[in-house]
Amino acid sequence: MTHSSAHDLETLNVTACDEPVCVAAPPKRASAYIFASPHSGRIYADRFVRGCLPPLNILRRSEDAYVDALFADAPSLGAPLICATFPRVFVDPNRARDELDPDMFEERACVPGAQVTARAGAGLGVIPRLAADGRALYAGRVSQAELHHRLTQFYDPYHARLRAEVEAVRATFGAAYVIDCHSMPAASARGADIVLGDRYGASCSRGLVARAEAHFRDLGFAVVRNRPYAGGYTTEHYGRPETGVEALQIEINRGLYLHEADVRPASGLQPLRRALADWMDRMLQDERPQRIAAE
Ligand SMILES: [Zn+2]
């Protein structure tokens, strides 16, 4: 395994973990919130890197780098933080399991029921075809065995853990709020610091997104909703307000905390982490009177 930077993991105090998904659990579950970081994984298997055309430094540009570190205070505030440790360019948990481009694979007829969505067609399906700079990841086709391996050993465990947390929280509190945490290239942010995605109102209650927005503004962030990111698979799949499960996607402008070209933390990372801890604390505080009222 190639830890892209073991030093970074230590200095940022993020739990190193050899599992495909790492759950940092709170000492005591004090909240219906669940924070998830599907795209900050940075453990690259040597075999995977050797099989890719672009070098590791280009592969890394697909990461929502260090988003796990930005939200690392969630457990101490009372909410779990679920992180994929595998890289998004290897398999993308924020896509449907069958969101595939059949032309990428050997024996394409064996890819059952593939949904060639716009994202899959553009090279960004559950098994990405392209690196962040648009170049092809592979010289040839990906084998069926490799597709199966990535889905069953990485994608499925990620969603199994997230689903289990959602069910545990809902059983305890009668509701679950999934905050799916991402970061966006500064060039795509159109001047926003934060983009909140609620699938145009479908994935969470108006109250949740309104509180999220108000607290971010209060902390000095420029916030917009749904443009250019309305939410991915996790937001869409888990966010069913009528069942008590709400989901909201957060995209953070990488310019606030990252040297994007070489995927290195910038001086803004620690202040941003503190601001996000403050934001999470406010969100969790808001929830308490509601929960007591509901009991
Ligand atoms: Zn992302």
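This is a walk through one protein structure, from its overall build to a few particular residues.

The structure is a predicted model, in which local features need a pLDDT of at least 70 and side-chain atom pairs count only at pLDDT 80 or more, while totals for chains, interfaces and linings use all residues. Residues are numbered from 1 along each chain as its sequence is written. Here pLDDT is the predictor's confidence in each residue, from 0 to 100. The protein averages a pLDDT of 91, and 90% of the residues score at least 70. Take care with residues 2-13, though: their pLDDT stays under 50. Where pLDDT is low, the predicted coordinates should not be read in detail.

Now for the overall build. The protein has 10 helices and 11 strands; helices (H or I, at least four residues) and strands (E, at least two) are DSSP runs, numbered from the N terminus. Its C-alpha atoms fill a box of roughly 55 × 40 × 35 Å along the principal axes.

Let's look inside. Of the 295 residues, 42% count as buried. A residue is buried if 20 or more other C-beta atoms lie within 10 Å of its own, exposed if 12 or fewer, and partly exposed in between, with C-beta atoms placed from the backbone. In soluble globular proteins, nonpolar side chains tend to be buried together. The largest nonpolar core here has 72 residues, and Phe35 is among those that touch the most other members. Such a core is a set of buried Ala, Val, Leu, Ile, Met, Phe, Trp, Tyr and Cys residues joined through C-beta atoms within 7 Å. Beyond four places in sequence, Phe35 touches residues including Phe71, Leu81 and Ile179; two residues are in contact if their C-beta atoms, placed from the backbone, lie within 7 Å.

Next, follow helix H8, residues 206-218. Its 13 residues reach 18 Å from first C-alpha to last, close to the 18 Å expected at 1.5 Å a residue. The expected span is 1.5 Å times one less than the number of residues. Leu208, Ala212 and Phe216 are buried in H8. They lie on the same side of the helix, because they cover an arc of only 60 degrees around the axis. This arc is that of the directions from the helix axis to the C-beta atoms. On the other side of H8, Arg206, Gly207 and Asp218 are exposed. Just after H8, Gly220 takes a positive phi of about 95 degrees.

Finally, visit some loops. Asp198 sits in the loop between S7 and H8, and counts as buried because it has 25 C-beta neighbours inside 10 Å. Asp198 and Leu248 are 50 residues apart in sequence, yet 5.2 Å apart in space, C-alpha to C-alpha. Asn226, one of the contacts of Asp198, lies in the loop between S8 and H9. The phi of Asn226 is near 70 degrees, a positive value in a residue other than glycine. Pro228 is in the loop between strand S8 (223-225) and helix H9 (233-238), and the peptide bond from Arg227 to Pro228 is cis, with omega near 5 degrees.
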